[in-house]
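Open the model in your viewer and keep the selection panel at hand. The tour below goes from one selection to the next.

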Amino acid sequence: MRAFFPVLVLCVLLVLLPHAGPLFHAWLPELSHPVYWRTSFAELTLAHAALVAAATLIAVVVGLLLGILATRPAGRSLLPTVRAVAVIGQTFPPVAVLAIAVPLLGFGAAPTLLALTLYGVLPVLGQTVAGIDQVPSSALHAADGMGYGRWRRLWEVELPLAAGPIMAGIRLSAIVSVGTATIGSAVGAATLGAPIVEGLVGNNTAYVVQGALLVGALALSVDGLLGVVERRIRRHA
């Protein structure tokens, strides 16, 4: 229930916020439009979640592939380079990534997707490497003794035993993406950052609060749902 409670809170907010004009007007009577109205909160939430899901999926694929490559005997020498590139990507502020990407990809979801993917790869990569490196050598020797080839051992032994740490990396990647995606509204992406950006520009505190509440509820919902998946994987690993 603790995992699904944030989802319930998010649903309640989506239902109540569009009708919360009197409450926000009582708090900030000087505002002529106390509730964000340009796009529905439900539409922004779905677009935000879809963008995060796409970025997380790409980051998981890239991070897993790089992590597996870096833990193979032939790819061990690439591990420092892979980590360095991933860390360098994390040092760039999201706004800087967007500023570079917009001239190449245009306004909208594309530059935001690129920024989220760059920021999401490192947690998955790091946890994949850590998880595979922590697989007990006895399990590897047992697989070799049973005649497993390298890829079968990876698929049936290493990845299942490393699934817990990998899921932790995926969970972190998704949570970071939920928060970072809000800046995408600055370059035309439809996200829950829209009311926050417009509120900051127009000095409308109500818009900022509404966007922040929904982003926080969505982040907690994603964390809770992925936490359930992670615990089940760890239980069966």
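Start by selecting Arg72, Asp144, Arg153 and Glu158, which are linked in a network of salt bridges (a salt bridge is a side-chain nitrogen of Lys or Arg within 4 Å of a carboxyl oxygen of Asp or Glu). This is a predicted model, in which local features need pLDDT of at least 70 and side-chain atom pairs count only at pLDDT 80 or more, while totals for chains, interfaces and linings use all residues. Residues are numbered from 1 along each chain as its sequence is written, and side-chain values use heavy atoms, with hydrogens and water left out.

Zoom in on Glu158 and Arg72, whose closest N and O atoms are 2.9 Å apart. This pair links distant parts of the chain, 86 residues apart: Glu158 is in helix α8 (residues 150-161) and Arg72 in the loop between α3 (41-71) and α4 (79-91). Helices here are DSSP runs (H or I, at least four residues), numbered from the N terminus; strands are E runs of at least two. Glu158 also meets Arg153 in a salt bridge, at 3.4 Å from N to O.

Colour these residues by accessibility (buried means under 20% relative accessible area, exposed over 50%, partly exposed in between, with a 1.4 Å probe and protein chains only). Glu158 is buried at 4%, Arg72 is buried at 14%, and Arg153 is buried at 18%.

The structure holds seven salt bridges. For another one, select Glu230 and Arg171, with 3.0 Å from N to O. Here too distant parts of the chain are linked: Glu230 is in helix α11 and Arg171 in helix α9 (residues 163-180), 59 residues apart. Glu230 is buried, at 9% relative accessibility.

Next, show the aromatic side chains. A search of the whole structure finds three aromatic pairs (rings of Phe, Tyr and Trp, the last by its six-membered ring, pair if their centres lie within 6.5 Å; planes under 30 degrees apart count as stacked, over 60 as edge-to-face and the rest as tilted). Phe24 and Trp27 are a tilted pair, with centres 6.3 Å apart and planes at 45°. Both lie in helix α2 (residues 21-27), three residues apart, about one turn of the helix. Phe24 is buried at 6%, whereas Trp27 is partly exposed at 47%.

Move to Tyr36 and Phe41, another tilted pair, 6.3 Å centre to centre with 35° between the planes. Both residues are buried.
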